Amino acid sequence: MLDLLQQLGRAALGLFQRLGRGNLFLLQTLASTPGILLRPGLVIRQLWSVGVLTLVIIVVSGLFVGMVMGLQGYNTLVDFGAEESLGVLVALSLVRELGPVVAALLFAGRAGSALTAEIGLMKATEQLSGMEMMAVDPVQRVIAPRFLAAFLSMPLLAAIFSAVGIFGGYLVGVGLLGVDDGAFWSQMQDKVDFHDDILNGVIKSIVFGFVVGWIAMFEGYDAVPTAEGVSQATTRTVVHSALVVLGLDFVLTALMFGD
Amino acid sequence: MNTRTVEIGVGLFVAVGIAALFMLAMQVSNLSTIGSSGGYRITATFENIGGLKVRSPVTVSGVRVGRVDVIDYDLHTFQAVVTMKIEDQYKGFPEDTSASIFTAGLLGEQYVALEPGGSMTSIEDGGRLQLTQSALVMEQIIGQFLYSMAADKKTDQPPDQKTEQQPDQQPGG
């Protein structure tokens, strides 16, 4: 009985220790982020591996998500004779929800896991300690540019996802199923509000980029420096990012569209 | 990898991302239509506005000329006051223009339809439309229909007499 209690207590203490370390780590990263602006070359190289290389999966899945929504939405709306609203359906669901959320999930899978594995391996091979020996701050040299790159590329990726998805919905709806071209766009422009829908979607994706970047960096930096530890940390990055993104999405949606 | 390739790739990525945001703003949302913040306001009072909302369209002959700007309730006249914002290019409606609240389609959203009258003087910024027609509320229509059905039954007219009346009315009306 007491053993069980002790285990529970140890688990709880471990959880809070990790949370505390994560928050301190975030503060440290944020504090060293302004300094990295003096060396934009580091950020640009990370933007390449975090942003540009994620572009392919974002564009392809955005296109297919939009096309599937075009098909499914048409099949439902045609029963009510409202197939002209297909543009509204596709645009609103992409801009408000699917764009930021699916892009963040793909981003966590494609870029977040790579970042964690990279940093975890740097720690396992003692490159981070080596930097400290040379009086180079590893948080500033390694972590901050990657964090900044994740933070910057997420809104762009989400916007590209939404735009490509709407184009996919247009291809299927107008090109394949014969929805009227003008009605598709004009109803969309009528119903989609710049401030309420587009800006809120962008805010969501900024929050997701921040959170996914934070989780990926921290898991890598905090990984047990063994092969097994790095692999576990990579898994945790993907799982935790997905859970946090979906949970935060509900909270943000309730705050933005809840009234 | 070559630094130049990386920088070109990142530049392209950022440009495409910003272009996507721009496209969302201009092509998908209503930013291009609300960008012209000009326009003039006219108000109209209604007994019942039904499901009219702020930003509902205002149309003339089916052409959208503006949007509903503010919906308020006047405690002195006990009527709803709808302020509409009409775009500047559609200036000069006659003073006796009438406003009605209609529904687009069977289940569609409600909108304000303006119908220009014959007056020579045109309405000013902040002017008030005198002739209005309220929204039709489905429950009221159904209620009236049921009531008239019940009233018909109460008079106990034989059904054949009723069918005789109808051909008489049609040529006359």
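In which sense do strand 2 of chain B and strand 6 of chain B pair, and over how many bridges? Strand 2 and strand 6 (residues 110-115) of chain B pair in the parallel sense, over three bridges. Two strands pair if DSSP finds at least two bridges between them. Strands (E, at least two residues) and helices (H or I, at least four residues) are DSSP runs, numbered from the N terminus.

This is a predicted model, in which local features need pLDDT of at least 70, side-chain atom pairs count only at pLDDT 80 or more, and totals for chains, interfaces and linings use all residues. Residues are numbered from 1 along each chain as its sequence is written, while chains are lettered from A and ligands numbered from 1 in the order in which they are written.

**Confidence**

pLDDT is the predictor's confidence in each residue, from 0 to 100. Chain A averages a pLDDT of 91, and 100% of its residues score at least 70. Chain B averages 81, with 83% of its residues scoring at least 70. In residues 168-173 of chain B the pLDDT is below 50, and this stretch has zero contacts in the model beyond near neighbours in sequence. Two residues are in contact if their C-beta atoms, placed from the backbone, lie within 7 Å. Where pLDDT is low, the predicted coordinates should not be read in detail. For the complex, the predictor gives an ipTM of 0.80 and a pTM of 0.75.

**The sheet of chain B**

Chain B has an open sheet of eight strands in the order 7-1-4-3-2-6-5-8, with mixed pairing. Strand 7 (128-129) and strand 8 (131-133) of chain B stand at the edges with a single partner strand each, so one side of each has no neighbour in the sheet. The table lists some of the strand pairs of chain B.

| Strands of chain B | Sense | Bridges | A bridge pair |
|---|---|---|---|
| Strand 1 (residues 40-46) and strand 4 (residues 79-86) | antiparallel | seven bridges | Arg41(B) and Lys85(B) |
| Strand 2 (residues 57-60) and strand 3 (residues 63-74) | antiparallel | four bridges | Val58(B) and Gly66(B) |
| Strand 2 and strand 6 | parallel | three bridges | Val58(B) and Val112(B) |
| Strand 5 (residues 98-103) and strand 6 | antiparallel | six bridges | Phe102(B) and Tyr111(B) |

Val58(B) has a bridge partner in strand 3 of chain B, Gly66(B), and a bridge partner in strand 6 of chain B, Val112(B). Thr59(B) stands opposite Ala113(B) in strand 6 of chain B. Strands 2 and 3 of chain B form a hairpin with two residues between the strands, where Ser61(B) takes a positive phi near 50 degrees.

**The helices of chain A**

Chain A contains nine helices and zero strands. Its C-alpha trace spans about 65 × 55 × 35 Å along its principal axes.

Helix 1 (residues 2-36) and helix 8 (residues 194-221) of chain A pack at an angle of about 110 degrees, with their axes 10 Å apart. Axes are lines fitted to C-alpha atoms, for helices over the stretch in contact, and angles run from 0 to 180 degrees between N-to-C directions. Helix 1 and helix 8 of chain A are therefore roughly perpendicular to each other (angles under 35 degrees count as roughly parallel, over 145 as roughly antiparallel, 65 to 115 as roughly perpendicular and the rest as oblique). Helix 1 of chain A passes helix 8 of chain A in a right-handed crossing. A crossing is right-handed if the near helix is turned clockwise from the far one by less than a right angle, and left-handed if anticlockwise.

From helix 1 of chain A, Gly22(A), Phe25(A), Leu26(A) and Thr29(A) meet Trp214(A), Met217(A), Phe218(A) and Tyr221(A) of helix 8 of chain A. The residues of this contact are six nonpolar, two polar and no charged. Here Ala, Val, Leu, Ile, Met, Phe, Trp, Tyr, Cys and Pro count as nonpolar, Asp, Glu, Lys and Arg as charged, and the others, Gly among them, as polar.

The axes of helix 4 and helix 6 of chain A come within 7 Å and cross at roughly 145 degrees. This crossing of helix 4 past helix 6 of chain A is right-handed. Their contact has 22 nonpolar, five polar and one charged residues.

**Where the chains meet**

The contact between the chains takes 23 residues from chain A and 18 residues from chain B. On the side of chain A that touches chain B, helix 2 (40-50), helix 4 (86-124), helix 6 (138-176), helix 7 (181-191) and helix 8 of chain A each supply at least two residues. Helix 6 of chain A gives the largest share of that side, six residues. By class, the side of chain A that touches chain B has 16 nonpolar, three polar and four charged residues.
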